[in-house]
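Please keep the sequence and the coordinates at hand while reading.

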Amino acid sequence: MKPHVCPWWLGPLLNLPMRRWVQDPVRILSPFVREGMTVLEPGPGMGFFTLDLARLVGSTGQVIAVDLQPRMLAGLMRRAAKAGLDARIETRVAAAKRMGIDDLKGSVDFSLAFAMVHELPSPQDFFAELAPCLKPNGCVLMVEPAGHVPDDVFVDQVKAACAAGLVLSERPKIWRSLTAVLRQG
Ligand SMILES: C[S@@+](CC[C@H](N)C(=O)[O-])C[C@H]1O[C@@H](n2cnc3c(N)ncnc32)[C@H](O)[C@@H]1O
């Protein structure tokens, strides 16, 4: 079955302030992100996590946000400009089967894939493209919505990451979520 992509007009719903009560971006991201880091965020939507990522990497860091839908990225950049964070964020429009990130090889400290892997045509191809971009000991935090994504599908997603050379290192607790931190060896 073809995966369903979250339509761009649902973008503002994903950014509702009350989501922060149960999925606080700073609490979720702080263990992984430091000033000066390069962060890759595939599937950012309208940037629920992106603005806090940009705050955490500071003026010496960079966030690269790659989404299939230009309207999601436009919404993200409107919010970033309002917050004065747009200079720290680069956006890229992905193709369904490729993000187009070959130039990032070996340069990414941290990647956040939040509620997006189940929308991909091939998690295998996704992780095969992402893994070489991570620095040694760099990691991906993959988070999927529990219930919406069945446990066995999540297990297959983790297997796809491991097949690309990543190693499962932690499973942080996030409200109503299946989680995996996958580290570059
Ligand atoms: C459910 S939304 C999650 C947005 C955000 N991560 C959040 O948690 O609020 C999934 C996002 O992944 C994007 N997406 C789907 N397929 C993609 C692909 N092949 N490459 C990049 N982004 C993709 C969608 O356009 C959408 O913005």
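N137 is found in strand 5, residues 134-145; helices (H or I, at least four residues) and strands (E, at least two) are DSSP runs, numbered from the N terminus. The model is a predicted one, in which local features need pLDDT of at least 70 and side-chain atom pairs count only at pLDDT 80 or more, while totals for chains, interfaces and linings use all residues. Residues are numbered from 1 along each chain as its sequence is written, and side-chain values use heavy atoms, with hydrogens and water left out.

Most residues other than glycine have a negative phi. N137 counts as exposed because its relative accessibility is 51%; the classes are buried for under 20% relative accessible area, exposed for over 50% and partly exposed in between, with a 1.4 Å probe and protein chains only. A115, which is not a glycine either, has a positive phi of about 55°. A115 is placed in the loop between strand 4 (108-114) and helix 6, and its relative accessibility of 29% is why A115 counts as partly exposed.

Helix 4 itself, residues 50-57, is mostly covered, as 6 of its 8 residues are buried. Those buried residues are T50, L51, D52, L53, A54 and V57.

Attention now turns to the ligand. It is surrounded by 21 residues, of which R19, G43, D67, Q69 and F114 are the closest; a residue is near a molecule if one of its heavy atoms lies within 4 Å of it. This shell divides into 15 nonpolar, 3 polar and 3 charged residues, where Ala, Val, Leu, Ile, Met, Phe, Trp, Tyr, Cys and Pro count as nonpolar, Asp, Glu, Lys and Arg as charged, and the others, Gly among them, as polar.

Q69 instead uses a polar side-chain atom, which lies 2.7 Å from an oxygen atom of the ligand. On its own, the ligand has 600 Å² of accessible area, and the protein covers 97% of it; such areas come from the Shrake-Rupley method with a 1.4 Å probe, and for residues only the protein chains shown count as cover.

Elsewhere, the second largest pocket holds about 160 Å³ of space. On a 1 Å grid over the protein atoms alone, a pocket is an open set of points where a 1.4 Å probe fits, with protein on both sides within 12 Å along at least five of seven lines, and lining residues have an atom within 4 Å of a point. Grid points are joined across faces, edges and corners, and the volume is the space filled by probe spheres set on the points. The lining consists of P3, V117, H118, L120, P121, P123, Q124, V153, D156 and Q157. By class, the lining comprises 6 nonpolar, 3 polar and 1 charged residues.

Two buried residues complete the tour. Q23 is found in the loop between helix 2 (19-22) and helix 3 (25-29), and Q23 counts as buried because its relative accessible area is 8%. Its side chain reaches the backbone oxygen of W175 at 3.2 Å. A polar contact of 3.5 Å also joins the side chains of Q23 and S177; the term denotes a pair of N or O atoms within 3.5 Å, and within protein one must be able to donate a hydrogen and the other to accept it, with residues adjacent in sequence counting only if both atoms are side-chain atoms. E41 is found in strand 1, residues 38-42, and counts as buried because its relative accessibility is 2%. E41 and V63, 22 residues apart in sequence, are 7.2 Å apart in space, C-alpha to C-alpha.
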